[in-house]
Amino acid sequence: MQQWLFVDADDTLWENNIYFEEAIHRFIEFLAHSSMQVHEVRAVLNEVEHTAGYGSKNFARSLVETYHRLVEREVRDEDLDYVRRLGEEIAHHPLQILEGVEETLKELAQKHHLVLLTKGEREEQQLKVERSGLESYFQRIVVVEEKNTGTYELLTQEFQCPLADTWMIGNSPKSDINPALEAGLNAVFIPHEHTWVLEHQELREPGPGQLLILDTFADLRAHF
């Protein structure tokens with residue numbers, strides 16, 4: 001039976017958060033705080049990021065704001081430029097497609113309706129899609145500011161998707177799985193070792209929909 005498959009992008013189709021983690025590691029080394037432990041600096045950065053928005057530009061602003069809050073030495077323009085570049089350079093990092101993704105998309109696109117659903121800054125996300133070489137496998141590319149229950153309800157109404165035949169596939173419990181299940185969709189959770197900490201959340205009960213947990217993206221071929 002033909003299904004509607006909404007597919008997340010970052011850390012589902014390609015690596016993403018590992019580059020943010022690398023930048024954070026370099027930031028903490030540069031900050032070189034005399035008393036705060038790594039996890040304490042991360043806690044401050046997480047607090048700043050929580051309201052900053054998504055994407056490399058907002059991440060760069062979060063690093064700068066955190067630097068201003070925690071730095072123990074004179075704030076120099078060249079130091080702020082360095083911290084800002086740590087974030088902004090992520091947008092230009094080569095994309096690394098996850099193993100088995102392209103082969104799986106090629107097979108699924110022949111049998112189902114595929115929609116790429118990602119959140120963040122529209123221009124940056126669209127550029128990632130174009131650079132990935134995966135765009136042709138999807139009938140639609142949708143970039144939203146946030147993935148919440150209302151987002152899924154609106155999209156299923158717009159595309160006239162029968163809820164019983166519609167699935168959200170992704171690595172984030174907070175954005176991909178729980179709100180999709182709350183909207184009555186089915187969901188496929190594919191955990192990623194380096195999922196952004198602000199996307200962590202306990203998986204909720206499926207409700208009317210089904211919840212499928214897989215180890216890899218390639219495992220989708222055995223179910224769809």
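At 70% relative accessibility, Gln-160 counts as exposed, where exposed means over 50% relative accessible area, buried under 20% and partly exposed in between, computed with a 1.4 Å probe on protein chains only. The structure is a predicted model, in which local features need pLDDT of at least 70 and side-chain atom pairs count only at pLDDT 80 or more, while totals for chains, interfaces and linings use all residues. Residues are numbered from 1 along each chain as its sequence is written, and side-chain values use heavy atoms, with hydrogens and water left out.

Gln-160 is found in the loop between α7 and β4; helices (H or I, at least four residues) and strands (E, at least two) are DSSP runs, numbered from the N terminus. The phi of Gln-160 is near 55 degrees, a positive value in a residue other than glycine. Ala-32, which is not a glycine either, has a positive phi of about 50 degrees, and this residue lies in the loop between α1 (17-31) and α2 (38-49). Ala-32 is partly exposed, with a relative accessible area of 47%.

From these loops we can turn to the sheet. Six strands form an open sheet in the order β3-β2-β1-β4-β5-β6, with parallel pairing; two strands pair if DSSP finds at least two bridges between them. Because β3 (140-144) and β6 stand at the edges with a single partner strand each, one side of each is left without a neighbour in the sheet. On average, neighbouring strands of this sheet are turned by 20 degrees against each other, direction ignored.

Four bridges join β4 to β5, which run parallel, and the partner in β5 of Met-168 is Ala-187. Three bridges join β5 to β6, which also run parallel, and here the bridge partner of Ala-187 in β6 is Leu-211. In a regular strand the side chains alternate between the two faces of the sheet. In β5, Asn-186 and Val-188 point one way, Ala-187 and Phe-189 point the other way, and all are buried.

Helices lie across this sheet. The helix α7 lies across β1, β2, β3 and β4, and runs at about 150 degrees to β3; axes are lines fitted to C-alpha atoms, for helices over the stretch in contact, and angles run from 0 to 180 degrees between N-to-C directions. The helix α8 lies across β2, β4, β5 and β6, running at about 155 degrees to β5. Helix α8 (residues 173-182) is mostly covered, since eight of its 10 residues are buried, among them Ile-177, Asn-178 and Leu-181. What covers these buried residues includes β2 (113-119), α7 (149-159), β4 (166-170), β5 (186-189) and β6 (211-213). In the loop between β4 and α8 lies Ser-172, which is buried, with a relative accessible area of 5%. Leaving aside residues up to four places away in sequence, Ser-172 touches Ile-177, Phe-189 and Glu-199, contact meaning heavy atoms within 4.5 Å. Just after α8, Gly-184 takes a positive phi of about 95 degrees.

In soluble globular proteins, nonpolar side chains tend to be buried together. A nonpolar core is a set of buried Ala, Val, Leu, Ile, Met, Phe, Trp, Tyr and Cys residues joined through side-chain atoms within 4.5 Å. Of the 23 residues in the largest nonpolar core, Leu-13, Leu-105, Phe-138, Phe-217 and Leu-220 touch the most other members. At least two residues of this core are supplied by each of β1 (4-7), α5 (101-109), β2 and β4, and the largest share, three residues, comes from α5. Not counting residues up to four places away in sequence, Leu-105 touches Leu-13, Leu-114, Leu-134, Tyr-137, Phe-138 and Phe-217. A second, separate core of 21 residues includes Tyr-19, Phe-27, Val-44 and Val-64.

Helix α3 (residues 56-70) and helix α4 (residues 77-88) pack at an angle of about 145 degrees, with their axes 7 Å apart. Among the residues that make the contact are Phe-59, Leu-63 and Val-64 of α3 and Leu-80, Val-83 and Leu-86 of α4.
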